[in-house]
Amino acid sequence: MRRVIVPAAATTALLTSLLAAPPAVAEPPHESTQAEPTQAEPAQKVPVAEGYGGAVATVDLDASKAAIGVLNRGGNAMDAAVAAGAVLGVTEPYSSGLTGGGFMVYYDAGRRRVYTVDGREKAPQAMTSTTLAGIPFDEGVTSGLSAGVPGTVAQWDLALRRFGTLSLKQALRPAIEVASKGFVVDQTFYNQTAQNVARFKDFTSTAKLYLPNGAPPPVGSVFKNPELADTYRELGRRGPSWLYDGQLGREIVATVKQPPVTPGSTRNVRPGLMELSDLRDYRALTREPTRIDFKGMQVYGMAPPSSGGSTVGEALNILEALPQVGVHEYLEASRLAFADRNKYVGDLPHVPLKELLSDGFAKERACLIGDRALASPAAPGEPDGDYGPCATPSGTATATVEEGPETTHLVVADRWGNVVAYNLSIESTGGNGIVVPGRGVLLNNELTDFTFGPAPGDPNLPGPGKRPRSSMAPTLVFEHGRPVLAAGSPGGSTIITTVLQILVNRYEFGMNLPDALAAPRATQRNTPQTQAEQAFLDKYGAELKARGHDLVLNPEIGAATALEFLGRGKVQAVAEPVRRGGGSALVVRPGS
């Protein structure tokens, strides 16, 4: 039975207060009869919005509008998150889609509990630890072999049934409208298409959709995807079984096993291993979140197979164990946390999560941080429960696996205090480059997140039914038992450092949330060089080089979205002002 937290005939102040005591639970009407949004529809993206009654931040204005529309019509945060995610599958198709996967961290205000929903893709049963060994990474990226068993639709279905008030059919309606009517091509969409021209032209179905007249759609044109609109309509009518045990699934499997390569193409496109039985066996899962205590707050994240929660959490623990924190310490804590992540975290029966997130382990790791940068790759620690004052690591370092730079992230809060942080992805920009013929959707290439090997003992080697390790890090922060902040980002393994840096900016350096997101970024992932944006190099480069850091330019790191509760029912939604073309923040009722 679908349930939603609704106000129990209280005052207007209680209706709008996200920090009030949880109201009573009642059964909502299946179809909403509430009015459409009363605020004027914005004509362009705005990165910061403040107000009441609920909020959303995404990378895309159409997706943010969809979420606000759901909230205005009485839907809750989970309803809005799924609706926005489906729209992003239309307007951000190179970063997300129904054949991808993702992770949700969700606070249920009525139950006063944090849940997570794992919709990560899985390897086919035919994949072994050596399947990817020796394959050039570029060949893996653009292939049927890299397509994981998709989890997004199962995740949407589970999330709505467990926490939402809308049916999947209802939640897909905004996306169907956007796909049918089209959206205006911006510079980011054009650039992402242009960088994929060489791949897209090698597949007949992809070239037909994304290279009309042989070239990317021009900026300012209206791009429509009627095939995807029809796919969403049919999915709404038939339900998830249409994908996991029906015709759509058979078409996906056929595309994976026999990619529609353009005649005359010289690209070596490896076929995949997926079978319909792999789709039948797929399940989205609810998992216990990770949790650490930091500066009197509680930070919740995503547990394995994501490494987001464990790595962000360990780095924060290390920082809290230090006498002072600056940008040097931020980079060193991240370096050490990545060393441990690479050694211990994967889709395994036993990950030493409790010890990785323990204060004793953090103190043992923190004592390695001095005035000079550590050499990379740094060795992992031993999260064994026996911690000395300053143990010298003796383990073997494991390299950080290359990950696609894309993915997208959104945050939603509703009038009742429910909050969602949601990462969704198809891995590389444009996934594996292959559109399912007639369906208007790209396949993922998430299996490139596995270690290709050979790498005996690596926790992230592929295996039958295994979920590749992820860096997605949707994060919720609590104080006094109430949510105060939600954040996340795209960016492959830089997701972890982006979320970590936002939290450090906000809670160590005292920045407000918009400044914490906009501040220049650097990312250290236990690699010899630390990547940094130009503004970061300009501000901190000389200081850090003097302390032994080897810095190299990365023009753009992450594209975060976040929100913060400001008290008395007021919420601030924040998106990027510039990165990846800037994001879109909206609230139900704007006000100061």
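**Notebook: backbone exceptions, cores, a sheet and salt bridges**

I began with Arg580, whose place is in the loop between β19 (570-575) and β20 (584-590); helices (H or I, at least four residues) and strands (E, at least two) are DSSP runs, numbered from the N terminus. The model is predicted, so I kept in mind that local features need pLDDT of at least 70 and side-chain atom pairs count only at pLDDT 80 or more, while totals for chains, interfaces and linings use all residues. Residues are numbered from 1 along each chain as its sequence is written, and side-chain values use heavy atoms, with hydrogens and water left out.

**Entry 1: backbone angles**

I looked up phi for Arg580 and found a value near 50°, which is positive although the residue is not a glycine. Arg580 is buried, with a relative accessible area of 10%, where buried means under 20% relative accessible area, exposed over 50% and partly exposed in between (1.4 Å probe, protein chains only). I then noted Asn526, another residue other than glycine, with a positive phi of about 60°. Asn526 sits in the loop between β15 (522-523) and β16 (530-532), and I recorded it as buried, at a relative accessible area of 3%.

Next I turned to the peptide bonds. The bond from Ser376 to Pro377 is cis, with omega near 5°, and Pro377 belongs to the loop between α18 (359-366) and β11 (408-414). Gly453 and Pro454 are also joined by a cis peptide bond, with omega about 0°, and I placed Pro454 in the loop between β12 (419-425) and β13 (475-479). I noted these cases because most residues other than glycine have a negative phi, and most peptide bonds are trans.

**Entry 2: nonpolar cores**

Which residues touch the most other members of the largest nonpolar core? I found Leu98, Trp156, Tyr210 and Tyr232, in a core of 82 residues. Helix α3 (residues 77-91) gives the most to this core, with 11 residues. A nonpolar core here is a set of buried Ala, Val, Leu, Ile, Met, Phe, Trp, Tyr and Cys residues joined through side-chain atoms within 4.5 Å.

**Entry 3: a three-stranded sheet**

I traced an open sheet of three strands in the order β15-β16-β17, with mixed pairing. The edges are held by β15 and β17 (551-553), each of which has a single partner strand, so one side of each is left without a neighbour in the sheet. Two strands pair if DSSP finds at least two bridges between them, and β16 and β17 pair in the parallel sense over three bridges.

**Entry 4: salt bridges**

I took a salt bridge as a side-chain nitrogen of Lys or Arg within 4 Å of a carboxyl oxygen of Asp or Glu, and by this rule the count comes to 31.

The side chains of Arg120 and Asp449 meet in a salt bridge at 2.7 Å, N to O. This pair links distant parts of the chain, 329 residues apart, with Arg120 in the loop between β5 (113-118) and α4 (137-141) and Asp449 in the loop between β12 and β13. I found Arg120 buried, with a relative accessible area of 0%, and Asp449 buried as well, at 3%. Arg120, Glu121, Glu446 and Asp449 are linked in a network of salt bridges.

Glu576 forms a salt bridge with Arg521, their closest N and O atoms being 2.8 Å apart. This pair also links distant parts of the chain, 55 residues apart, from the loop between β19 and β20 for Glu576 to the loop between α20 (513-518) and β15 for Arg521. I recorded both Glu576 and Arg521 as buried.

My last pair was Glu234 and Arg237, whose closest N and O atoms are 2.3 Å apart in a salt bridge. They are separated by about one helical turn, because they are three residues apart in helix α11 (residues 226-238).
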